[in-house]
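Here is a short briefing to read alongside the model. Please keep the structure open while you go through the points.

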Amino acid sequence: MKSNSQSTVAFVATCTLLLLFGPARSFAQVSPAEILNPRLKALEQTHLSKLIAINQTVPLLTYSFPFSLNRYVGSDPKSQTGVDGRGLEFVNFHDQTVLKVTGNYQAAFDADRLTSNQRSSRVFNDVVYQVLEVLPGYFSSADEFDAVGFEICYHVRRKAPHYEYEGKEILVAVLSKADALRYAKAPTDSERQEILNRSEIFLNGKPFGLALSGSEPLDVATLQRSVKQPATAANQKQGAPSNSSDPANFARTGQDERATSETASMPGTAAVVRTRADAERLETKYKSQLDALAAAGLANYHFVQYAPPSFAVFRNQIFLQLTLRNPNTFDKEATSIYKRAARSFDLFVAPQLKSILERIPDDAELGGLDITVLNDLTGTAGHSSEAVEFVCPLGALRKFADADITNQDLINQSVVLVNGVRISLNLQQVE
């Protein structure tokens, strides 16, 4: 028979092991103590046992490819942040309280074989649909939140004549609570399509008309979506929680409730809403100038041949998309994504901006430039690549080119993404 001291030691050892290893799988969930917003904290506390149960159930579902809940969308499962499986939490988004489901789907789709709509509809059916089947077992219409949101990251392979690139694509879907609870029980695809048509859906941060069938997405401008506006400055002064109006920020909107001026300084919701039709009209209008820019870009600015300059809509504004290949190679193990992004801008993009701006169309409808830099990476795992995207408002670009603002001022007014995941970039700090 063990002595009391021996029993005590055994008990302490067992508790220590449970503390070290048990929570990672059994109780992997965001703690209410981590949440600053009182309403979100209360919801997290009220539904904590449900969230833990769902977190345990979702990984056991059958997927075509491995799927994991992760707190940080697009994270590498092999990294330290990649093991954070707390992919369920309540956040604020578009003036709604949303139960957010974040995860990484280890699928790699061929862009030459599957269109953006085919890829996103497959991810929705493979992953989102299954989670929507689970939720009614835990939540009802009486629960005090407004919507259910999904943020799913997956891989896309693209080929060029002398190059193959695998990047990340992020699908965001926000369904009202009522629609989320009824979606899996809808008897027909047409009824499910109607639910998607009135939901908020984004692909890589841009509004997207997800079609359950067919190769092409629906025209977002024709859909009857009820998009709530972000909280006004007056509401924020009265103590209302700040809200994200940016799907690229969907992953972290629930935790830091301090109001920021981000939406005022970055390319946000335009006073005049531009559509894809507007972008296509400008492409027709400026075709000869875009062709000349493409030729000059290939000769002087390291443009890639397979992605010529084109217009696209981002946050209801028209941006000119440019894709450049960085001639410099980075050691992946010796540099961080932040350092590579900073050097890509300071040493490669910035010196060319003034000359590029002189060649772009001078049109009042143009909101800015969406510049993607493709970086070649070396390392012990072999050759790989990375896409760093700088979405910059035109006014700030011109001020930077005229030396009226600094490089950091321009970055602060822009959106920076690495492989489709938005980052915060302090140029001086990471050097």
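The notes below go from the whole chain to a few local spots.

This is a predicted model, in which local features need pLDDT of at least 70, side-chain atom pairs count only at pLDDT 80 or more, and totals for chains, interfaces and linings use all residues. Residues are numbered from 1 along each chain as its sequence is written, and side-chain values use heavy atoms, with hydrogens and water left out.

**Overall picture**

- The chain holds 14 helices and 13 strands; these are DSSP runs numbered from the N terminus, with helices being H or I of at least four residues and strands E of at least two.
- Among contacts with a separation of 6 or more, 68% link residues 24 or more positions apart; a contact means heavy atoms within 4.5 Å.
- Carbon and sulfur atoms contribute 53% of an accessible surface of about 20600 Å², computed by the Shrake-Rupley method with a 1.4 Å probe; for residues, only the protein chains shown count as cover.

**Confidence**

- The average pLDDT is 81, and 78% of the residues score at least 70; pLDDT is the predictor's confidence in each residue, from 0 to 100.
- Residues 1-27 have a pLDDT below 50, and this stretch makes ten contacts in the model beyond near neighbours in sequence.
- Residues 227-245 are also below 50, with 35 contacts in the model beyond near neighbours in sequence.
- Where pLDDT is low, the predicted coordinates should not be read in detail.

**Cysteines**

- Searching the whole structure gives zero disulfides, a disulfide being a pair of cysteine sulfur atoms within 2.5 Å.
- C153 has a relative accessible area of 2% and so is buried.
- C392, at 1%, is buried as well.

**Around strand β3**

- Strand β3 spans residues 96-110 and is mostly covered, with 13 of its 15 residues buried.
- On one pairing, β1 (residues 67-69) runs antiparallel to β3 through three bridges, and L69 stands opposite G103; strands count as paired if DSSP finds at least two bridges between them.
- β2 (residues 88-93) also pairs with β3 in the antiparallel sense, over six bridges, and V91 has V98 as its bridge partner.
- Two residues separate β2 and β3 in a hairpin, and H94 in the turn has a positive phi of about 55°.
- L114 counts as partly exposed because its relative accessibility is 23%.
- Leaving out residues up to four places away in sequence, L114 touches F109 and R119.
- L114 and V156 are 42 residues apart along the chain, with their C-alpha atoms separated by 9.5 Å.

**Helix α10**

- In α10 (residues 287-301), the buried residues are L290, L293, A294, A296, G297 and Y301.
- Their cover includes α9 (276-285), β8 (310-314), β9 (317-331) and α11 (337-357).
- An α-helix has 3.6 residues a turn, so residues three or four places apart point the same way.
- H302 follows α10 and has a positive phi, near 65°.

**T372 in strand β10**

- T372 belongs to β10 (residues 366-378).
- T372 counts as buried because its relative accessibility is 16%.
- Not counting residues up to four places away in sequence, T372 touches L322, T323, L324, A387, V388 and E389.

How values were computed
Buried < 20%, exposed > 50% of the residue type's maximum accessible area, 1.4 Å probe, protein only.
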